[in-house]
Amino acid sequence: MTSIDADLAARSARPGPTTRARVREVSRTSVRDRRDDLATEEPLEIRITAGGETRTLAVTMRTPGADFELAAGFLSGEGIAGPGDIASIAYCTDEDLPPEARYNTVTVRLHGPALPDLPTMHRHFMTSSACGVCGTASLEALNTRHTPAAGTGPSSATGSSAPDASTARTPGSPANPSGSAGFAPAAPPFGPVPAETLYDLPRHLRQAQGIFGKTGGLHAAGLFTADGTLLALREDVGRHNAVDKLVGWALLSGRLPLTSRLLLVSGRTSYEIMQKALAAGLPMVCGVSAPSSLAVNLAREFNMTLVGFLRDERFNIYSGPDRVTLPEARA
């Protein structure tokens, strides 16, 4: 096989975001055979390399597309690479791999003479498209990496008073024992966002979900401004992958930290999604479904606003209510 033939074979084997399948559609009145579009699910191996050493860091099941952003966002969320740390990202060129496998392996080359130490990571990863805890698995570990987000008010959903200097948090300091929102502001305040703006976000997200419109089987993550403008959207079979792709886009385009943006996810909000949002500097996360208990704990710990059940012109605020302007009560 010539090099041109090999290149054509590799291109034809490159997985796409959708896969055609034959299905039998059954209803009360008819049975018919037809073609259907499925959301593609393929493994992606993420490797990191520096100083002549290469290590496989993770294998995740994902929807092909924006693979470089997914890898960059994953590394950002785990505190391995930030702005300026990534030298290049490329698909694998190992000749011993079949063509279809080359597009399922991404190598991230880091600046520096050696691979970074990974002391906060409990294990190397074998992740899936479902939401499990990837990487750092405790609030205590996160406290060593992040400072609570600056905002217009306290993180507690009950609206406790703002902290004084004696309770102010600094990077890496332990949490306030009382559970209040002591923090040292590190970014300009975000919001408040009118409730009417939040009501419209799911509609904007859904209208931009091109692949979901074809398959009905993908999660989405959207990045919005405080006035409800959609800046970017990514889709994937895994909700955490969609967030990684979005954060990776921001990292590779020089937009991190996202301290003046909000994140909307199409499903439930897990601890892992909040961890990724925290690493990206996002002060506000909204989900159309429920948050988990750990997601709420993380939001309150780091003074993030967390909104759940955002649909049908209603929502719940679990943390950071002062970043939302509430509608006037109706008689």
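This is a predicted model: local features need pLDDT of at least 70, side-chain atom pairs count only at pLDDT 80 or more; totals for chains, interfaces and linings use all residues.
Me: What makes up the chain, and how much of it is buried?

Reply: The chain has nine helices and 14 strands. Of its 331 residues, 47% are buried. Among contacts between residues at least 6 apart in sequence, 57% join residues at least 24 apart.

Me: Why are α2 and α7 called roughly perpendicular?

Reply: The axes of helix α2 (residues 67-77) and helix α7 (residues 239-252) cross at roughly 90 degrees and come within 6 Å. Angles of 65 to 115 degrees count as roughly perpendicular, and α2 and α7 are therefore described in that way.

Me: Which residues meet where α2 and α7 are in contact?

Reply: From α2 the residues are Phe68, Glu69, Leu70, Ala72, Gly73, Phe74 and Ser76, and from α7 they are Asn241, Asp244, Lys245, Val247, Gly248, Trp249, Leu251 and Leu252. Sorted by class, this contact has eight nonpolar, four polar and three charged residues.

Me: Why are α8 and α9 called roughly parallel?

Reply: Helix α8 packs against helix α9 (residues 293-301) at an angle of about 25 degrees, with the axes 7 Å apart. Angles under 35 degrees count as roughly parallel, so α8 is roughly parallel to α9. In this contact, Tyr271, Met274, Gln275 and Leu278 of α8 meet Leu294, Ala295, Leu298 and Ala299 of α9. The residues divide into seven nonpolar, one polar and no charged.

Me: Why is α8 described as largely enclosed by the rest of the structure?

Reply: Eight of the nine residues of α8 are buried, and so the helix is largely enclosed. The buried residues are Tyr271, Glu272, Ile273, Met274, Gln275, Lys276, Ala277 and Leu278. After α8 comes Gly281, which has a positive phi near 85 degrees.

Me: How do you know that Glu25 and Arg34 form a salt bridge?

Reply: Side chains of opposite charge can pair when their charged atoms come close. The closest N and O atoms of Glu25 and Arg34 are 2.9 Å apart, and the cut-off for a salt bridge is within 4 Å. The pair therefore qualifies as a salt bridge. A search of the whole structure finds 13 salt bridges.

Me: Are Glu25 and Arg34 buried, partly exposed or exposed, and how do you know?

Reply: Glu25 has a relative accessible area of 29%, and Arg34 has one of 24%. Buried means under 20% and exposed means over 50%, with partly exposed in between. Both residues are therefore partly exposed.

Me: What makes Glu45 and Arg47 count as buried?

Reply: The relative accessibility of Glu45 is 19%, and the relative accessible area of Arg47 is 18%. Buried means under 20%, so Glu45 and Arg47 count as buried. Their side chains meet in a salt bridge, at 3.1 Å from N to O.

Me: Why does the pair of Asp244 and Lys276 tie together separate parts of the sequence?

Reply: The side chains of Asp244 and Lys276 meet in a salt bridge of 3.1 Å, N to O. Asp244 lies in helix α7 and Lys276 in helix α8 (residues 271-279), so the pair ties together parts that are 32 residues apart in sequence. Asp244 counts as buried at 1% relative accessibility, and Lys276 counts as buried at 2%.

Me: What makes Asp36 partly exposed?

Reply: Its relative accessibility is 21%. Buried means under 20% and exposed over 50%, so Asp36 counts as partly exposed. Leaving aside neighbours within four places in sequence, Asp36 is in contact with Thr19, Arg20, Ala21 and Val23. The C-alpha atoms of Asp36 and Arg20 are separated by 5.7 Å, although these residues are 16 apart along the chain.

Me: Which residues touch the most other members of the largest nonpolar core?

Reply: They are Leu75, Val108, Leu263 and Met304, in a core of 52 residues. The largest share of this core, seven residues, comes from α7. Not counting residues up to four places away in sequence, Leu75 touches Ile48, Leu57, Ile80, Ala81, Val108 and Leu110. A second, separate core has 18 residues, including Leu201, Leu205, Phe224 and Leu310.

Conventions
Residues are numbered from 1 along each chain as its sequence is written. Side-chain values use heavy atoms; hydrogens and water are left out. Axes are lines fitted to C-alpha atoms, for helices over the stretch in contact, and angles run from 0 to 180 degrees between N-to-C directions. Helices (H or I, at least four residues) and strands (E, at least two) are DSSP runs, numbered from the N terminus. Angles under 35 degrees count as roughly parallel, over 145 as roughly antiparallel, 65 to 115 as roughly perpendicular and the rest as oblique. Contact means heavy atoms within 4.5 Å. Ala, Val, Leu, Ile, Met, Phe, Trp, Tyr, Cys and Pro count as nonpolar, Asp, Glu, Lys and Arg as charged, and the others, Gly among them, as polar. Buried means under 20% relative accessible area, exposed over 50%, partly exposed in between (1.4 Å probe, protein chains only). A nonpolar core is a set of buried Ala, Val, Leu, Ile, Met, Phe, Trp, Tyr and Cys residues joined through side-chain atoms within 4.5 Å.
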